[in-house]
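I opened a notebook page for a structure I had not looked at before.

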Amino acid sequence: MADQGTSSVVEAIQAGEEGRKQVGDPKRRAGKEVAESVLEGEKQILVVNMTGARETRRPQFLAVGLFLSVLLVKSKQLIDHMKKVWNLRGQLEASTLESEAGRKSVLVFLEERKHAILAGPWQYKMDVFLVESLAEGDDPSSVPFTHVPMWIQFRNIPFYLLTKKLAFDLGECIGSTLMVDNNARGSISDKFVRTRVKLPLYRALRMELLLVDEITGEEVAVQIRYERLPNFCLFCGFIGHMEARCDVPMTDRKIMYNLKLMVLPVHFEFPHTWFLPDAMG
């Protein structure tokens, strides 16, 4: 009797297996096969064209802008103005940053614009707009704004001293020399040299420099003039604010500067140009 009962159970199990094979066992299809794949350590792989996507990715060039002004200007107005100044054909995206120094914006150029970073000084309503490059991944709020590039004219120099080396050295006296105009400019009786300088914003503007003869001690006062000079304070001589916002105490306020420091840019097609030797002798 026991053997017959055992045989019946075995036959029933076999019949059940055959039935599942005929109708398809959903548990085997969906569950068991997936479980086996996991156990065997197989990975599901989706093949995509990463290289192609990377190569066709639209390039972005990042910069940070700082508007040193007390004017209540909408960011869109400012950025729209700069797009016209920079003659941008592509789109310029901008997002505002909170900053104690002034109005900061992260600028995203869709095409490389070294001109926006290296040229200048840029202005909006005569107040300076500074631009510094930003490497991808860097914190835009930590970008320092300490200098402004500017063409400087040095005037009232004896003609026999006019050299490229002197122009370079004069630039180093008030900032960091970027380049020197290869020609002297102006009339024959009023020649001057030009130097492009990274001008420090943490110093007051200089009005003149002294040249001293190393033998006789003779002094010559060299006048300094600034091309495209933005608004500055006539009390303290700093760029970034005007007299109404100056920190100089009321009792000490005195006009120390004048607008003669501001001169028009001299373009390279300026008619009065003169040969400028590299150095004296």
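This is a predicted model: local features need pLDDT of at least 70, side-chain atom pairs count only at pLDDT 80 or more; totals for chains, interfaces and linings use all residues.

**Entry: the main core.** I started with the largest nonpolar core, which has 39 residues; F154, I157, L205, Y226 and I239 touch the most other members.

**Entry: around Y226.** What is Y226 in contact with, leaving aside neighbours within four places in sequence? I found M150, W151 and I152, then L199, L205 and R206, and finally L261, M262 and V263.

**Entry: another core.** I also came across a second, separate core, this one of 17 residues, with V73, W86, F109 and A116 among them.

**Entry: rings.** I looked up the aromatic pairs and got five in the structure. I checked W86 and W122: their planes are at 80 degrees, with ring centres 6.0 Å apart, and since over 60 degrees counts as edge-to-face, so does this pair. Where do W86 and W122 sit in the chain? W86 is in helix α4 (residues 75-86) and W122 in strand β4 (residues 122-124), so the pair, 36 residues apart, links distant parts of the chain. Both W86 and W122 are buried.

Then I turned to F159 and Y160, which form an edge-to-face aromatic pair with 5.5 Å centre to centre and 75 degrees between the planes. Are F159 and Y160 buried or exposed? I have F159 down as exposed, and Y160 too.

Back to W86: ring pairs link W86 with F109, W122 and F129 into a cluster.

**Entry: charges over rings.** I looked for arginines by aromatic faces. R155 lies over the face of F192, 4.1 Å from the ring centre. R194 has its charged end over the ring of W151, at 4.2 Å from the centre of that ring.

**Entry: L110.** I found L110 in the loop between β3 (103-109) and α5 (114-118). Why does L110 count as buried? Its relative accessibility is 17%, and buried means under 20%, so L110 qualifies. I also looked up L92, which is 18 residues from L110 along the chain; their C-alpha atoms are separated by 6.7 Å.

Terms used:
Residues are numbered from 1 along each chain as its sequence is written. Side-chain values use heavy atoms; hydrogens and water are left out. Rings of Phe, Tyr and Trp (its six-membered ring) pair if their centres lie within 6.5 Å; planes under 30 degrees apart count as stacked, over 60 as edge-to-face and the rest as tilted. Helices (H or I, at least four residues) and strands (E, at least two) are DSSP runs, numbered from the N terminus. Buried means under 20% relative accessible area, exposed over 50%, partly exposed in between (1.4 Å probe, protein chains only). A charge sits over a ring if NZ of Lys or CZ of Arg is within 6 Å of the ring centre and within 35 degrees of the ring normal. A nonpolar core is a set of buried Ala, Val, Leu, Ile, Met, Phe, Trp, Tyr and Cys residues joined through side-chain atoms within 4.5 Å. Contact means heavy atoms within 4.5 Å.
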